[in-house]
Amino acid sequence: MSNSDPKTRPRPGPWPPAPEGSAMPASSWAKRTGFRPKFSGETNASDSGQISLPPRQREPDAQPDLEAGRVRQVPAVNGEPEGEKALPPPPQPSDKDQSVKKRRDSDGVPKSSGHGANGQAPASALPADPPPQSRRPVRNEEVVDVLPQNVDDDGLVNRHSHMKYELRDTPGLVPIGLYGFQHYLSMLGSLILIPLVIVPAMGGTHEDTANVLSTVLFVSGVTTLLHTSFGSRLPLIQGPSFIYLAPALAIINSPEFRGLNGNNFKHIMKELQGAIIIGSAFQAILGYSGLMSLISRLINPVVVSPTIAAVGLSFYSYGFPLVGTCLEIGAVQILLVVTFSLNIAKASYSLLPYFLQYLRKISIFGHRVFLIYAVPLGLAITWAAAFLLTEAGAYSYKGCDIHVPASNIISEHCRKHVSRMKHCRVDTSHALKSSPWFRFPYPLQWGTPVFTWKMAIVMCVVSIIASVDSVGSYHASSLLVASRPPTPGVLSRGIGLEGLSSVLAGLWGTGTGSTTLTENVHTIAVTKMGSRRAVELGACIFIVLSLVGKVGGFIASIPEVMVAALLCFMWAMLAALGLSNLRYSEAGSSRNIIIVGLSLFFSLSVPAYFQQYGISPNSNLSVPSYFQPYIVASHGPFRSSYGGLNYVLNTLLSLHMVVAFLVAVILDNTVPGSRGERGVYVWSNPEVARREPAIAKDYGLPFRISRVFRWVKWVGL
C-alpha cells in the first residue's frame with residue numbers, strides 16, 4: 001500500500017520538537033499516577049471487572065511523549081526512521097503555549113531543555129524510547145508515573161488557566177491581603193469548631209472557650225508561617241484537625257476525671273497538653289529522622305481515602321442528635337450551607353431554587369461570595385434569624401428564666417421548655433461581654449502539663465494518622481499550585497515541622513494538635529488562590545485578631561445548635577474529601593473496591609463493638625448520649641491486670657480512623673496490584689529537583705538555610 005494512505009502514513013521523527021506547553025490529551029490527567037482508564041476506549045477491560053469497550057482507532061499523527069513534552073521518536077530501521085519520507089512543517093505555538101513558555105523561562109529553565117514529568121530527567125538525557133508494543137500495558141508491569149502540565153478533572157485542572165495566583169506569585173500587598181483573609185475566612189469553620197466542642201466537654205465556661213479560641217487563632221497563624229517558610233512550603237493552613245477530636249474526647253471522658261472537685265477544665269487541659277506534646281514530639285522525630293520517607297511507601301490513595309473518610313463518618317452520633325434539640329434553627333443552618341455550596345436542581349418549577357442559584361452566581365470583585373463563604377454566610381444568616389426570634393419572644397415562656405436554673409426546676413411548665421430555651425436562644429452566653437479587649441496568649445497559660453504514658457501512646461498513634469492525612473494533602477495541593485510534587489525529603493521535612501507545630505499547640509494549650517487542614521485543598525481549588533505570600537499575610541492578620549479578646553468572645557457566643565449544624569456539613573465534607581483521593585487510583589478495580597469497602601465497614605463496626613461492650617441497656621451513664629462512644633476505657637473488652645494497657649487498647653480500637661487505617665494499610669500492601677491500580681503517589685526525584693530551578697524555588701528553604709543542613713539529605717530537596 002502506498003505511503004500516502006492515511007492508515008499507513010509514517011510517523012515523524014523527533015525534530016522539530018513540539019512546543020513545551022502543548023496541550024496534553026484530555027485523559028492524560030490520570031496518567032501521572034499510572035492510571036489506565038477503562039471507560040475511555042483506550043484500553044480493554046482487564047481482570048478488575050470493568051466493562052470492555054472497543055479500542056479507539058489509532059491516530060494517524062504522531063503522539064506526544066508525555067515525559068519529554070515532544071513528539072516521540074519512532075524506531076529506526078538501518079539508521080533511518082521506518083517509512084520516513086518527509087517531515088511536516090513545524091507547528092506554530094499558540095498564545096497559551098507562549099505564556100507557559102515564558103513562565104518556564106522565568107523559572108530559569110533553558111528554552112531548549114525539556115522538563116521530565118514528576119522529576120524525570122530531560123528527554124535529551126534519556127535513552128531513545130523503545131518501540132511501542134501495545135497501547136495496553138501489562139497488568140503487573142511498572143507504569144511510569146507522569147504529571148502533565150495540563151490537568152482536566154473536577155478539582156485538579158490546568159494550573160496556568162485555572163489558578164489566579166500560583167505558588168510564588170506576589171501580585172501586590174493589597175490583593176494578597178484580601179486573598180489571604182478570604183482564604184482563612186473560608187476555612188473558619190475548621191479553625192473554630194473544635195474548641196467549641198471540647199471546652200464545654202471539659203467543664204469550661206464561656207470565658208474559657210473564648211480564651212482557647214484566641215489561642216487557636218494565634219497558634220494557627222504562627223504554625224502556618226513556620227510551615228510555609230520551613231516546612232513543605234505549600235500554601236497550606238495549619239490548625240486544629242478533626243483527627244485529634246476523637247482521641248481528645250476519649251481522654252476528656254477518662255474514668256479518672258470523673259468526680260473531680262474544683263476547676264475540671266484546667267486539670268483535664270493539663271493532662272491533654274502532656275499527651276499532645278509527647279505525641280507531637282514523636283511525629284517530629286518521625287519526620288526529621290527520615291522514617292516518614294519509608295512509611296510513605298506504604299501510604300497510597302487506597303489507604304488515605306478510607307482513613308480520612310472514617311474521621312468524618314465517626315461523629316454521626318454527635319451531629320444531628322444535637323441539631324434536633326432546636327430543629328428550626330439547626331435544619332435551616334444546614335440547608336443554607338448546602339444551598340450555597342451546591343448547584344440547585346434545575347428540574348424544579350419553583351422560583352426559590354432559581355433564586356438561590358442566582359445568589360450562588362453573584363460575584364463581588366470577581367469572587368462568588370455565596371460559594372466561597374458558604375460556611376460563614378450561612379452562619380451569619382441563621383444567627384441573625386435566631387436573634388430576631390429571641391428578641392421577638394419566640395423562646396420566652398411565662399415564669400421561666402434561663403439564667404435562674406432553680407426556677408426552671410420548680411415549675412413543671414419550665415422544665416418542659418428548658419431545653420428549647422437553652423439551645424434556641426442566642427443570649428445564653430456572656431462570653432462577648434466578659435472577654436477583655438486585649439489578651440496575649442502565652443505558653444503554659446493553663447498550668448504545667450501533666451504527662452501520662454497511656455494517654456501519650458494514644459496520641460502517638462493519632463499523630464501517624466495525622467501524617468497520613470498530610471501526605472494526601474501535600475500531593476493534591478502540589479498538583480494545583482506547584483511546578484512538581486514535593487520530593488520525599490520535602491515530605492519528611494513537612495511532617496517534622498508539623499510535629500514541632502503540634503508541640504507549640506500543646507505548650508500554648510489549644511486542646512488539640514496542629515496539622516494541615518484537609519479542607520485546604522478544596523479551598524484552593526474553589527478560591528483559585530495558591531499564592532504562598534497570601535496565606536502568610538492571612539496568617540499575620542489572624543495573629544493580630546487573636547490579640548483582640550472580643551474576637552474570641554464573639555466566636556464563643558455561637559449557639560451550640562448552630563455549631564452542631566456546621567459540624568454536620570464539615571464532617572460530611574471531610575468524608576467526601578477523603579474518598580476523593582480514589583481518583584488517583586483505579587476506583588473501579590475490584591481489588592480497590594473490596595479494600596475500601598472492608599476498611600469503611602470495619603471502621604464503623606469494630607468501634608461499635610468496643611463502645612457497646614459491657615453497657616447494659618438500662619444503665620444510667622454520667623455523660624450525654626453523644627459522648628458515650630468516648631468512655632470505652634472504663635468498660636471495654638480488654639480487662640487484663642495492666643490497667644494502662646487496657647486503656648490504650650480499648651481507646652485505640654474504639655477510634656474509627658485507627659481501625660480504617662490498620663485494615664487499609666495491611667490489605668493494600670499485601671493484596672497484589674500494579675502501581676497504576678493502587679494509584680501510588682508520585683514524588684519528585686531529589687537529584688533532578690536540585691538541578692531544576694523551578695522545583696528549587698518552590699520547595700527550597702529561604703535565607704540559604706538549605707546550605708547549612710545540606711548534610712541532612714533525607715529532609716532536603
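**Close-up views of a predicted model**

**View 1. Helix H14 and the residue that follows.** Just after H14, Gly-393 adopts a positive phi of about 85°. Helix H14 (residues 374-391) comprises 18 residues and reaches 26 Å from its first C-alpha to its last, close to the 26 Å expected at 1.5 Å a residue; the expected span of a helix is 1.5 Å times one less than its number of residues. Helices (H or I, at least four residues) are DSSP runs, numbered from the N terminus. Buried residues of H14 include Pro-376, Leu-379, Trp-383 and Ala-386, where buried denotes under 20% relative accessible area, exposed over 50%, and partly exposed in between (1.4 Å probe, protein chains only). The model is predicted: local features need pLDDT of at least 70, side-chain atom pairs count only at pLDDT 80 or more, and totals for chains, interfaces and linings use all residues. Residues are numbered from 1 along each chain as its sequence is written, and side-chain values use heavy atoms, with hydrogens and water left out.

**View 2. The salt bridge of Arg-168 and Asp-698.** Side chains of opposite charge can pair when their charged atoms come close. The structure contains 5 salt bridges, each defined as a side-chain nitrogen of Lys or Arg within 4 Å of a carboxyl oxygen of Asp or Glu. In one of them, the side chains of Arg-168 and Asp-698 meet at 2.6 Å, N to O. This pair links distant parts of the chain, 530 residues apart: Arg-168 belongs to the loop between helix H2 (159-162) and helix H3 (173-186), and Asp-698 to helix H29 (residues 693-699). Arg-168 is partly exposed at 23% relative accessibility, whereas Asp-698 is buried, with a relative accessible area of 2%.

**View 3. A salt-bridge network of Arg-591, Asp-668 and Arg-678.** The side chains of Arg-591 and Asp-668 form a salt bridge at 3.0 Å, N to O. Because Arg-591 lies in helix H24 (residues 590-612) and Asp-668 in helix H26 (residues 656-668), the pair ties together parts that are 77 residues apart in sequence. Asp-668 also meets Arg-678 in a salt bridge of 3.3 Å, N to O.

View 4. Asn-592 is buried, with a relative accessible area of 2%. A polar atom of its side chain lies 2.9 Å from the backbone oxygen of Glu-586. Residues up to four places away in sequence not being counted, Asn-592 touches Val-302, Ser-585, Glu-586 and Glu-677, contact meaning heavy atoms within 4.5 Å.

View 5. The structure holds 15 aromatic pairs; rings of Phe, Tyr and Trp (its six-membered ring) pair if their centres lie within 6.5 Å, with planes under 30 degrees apart counted as stacked, over 60 as edge-to-face and the rest as tilted. Among them, Phe-265 and Trp-446 are edge-to-face, at 5.2 Å centre to centre and 80° between the planes. Phe-265 lies in helix H7 (residues 264-288) and Trp-446 in the loop between helix H17 (431-434) and helix H18 (453-481), 181 residues apart; both residues are buried. One aromatic cluster is formed by Phe-242, Phe-315, Tyr-318, Trp-571 and Phe-627. Lys-454 lies over the face of Tyr-647, 4.7 Å from the ring centre, and the charged end of Lys-550 sits over the ring of Trp-437, 5.5 Å from its centre. A charge sits over a ring if NZ of Lys or CZ of Arg is within 6 Å of the ring centre and within 35 degrees of the ring normal.

Key: Helix = DSSP H or I, 4+ residues; strand = E, 2+ residues; numbered from the N terminus. Polar contact = N/O pair within 3.5 Å; in protein donor to acceptor, adjacent residues only side chain to side chain.
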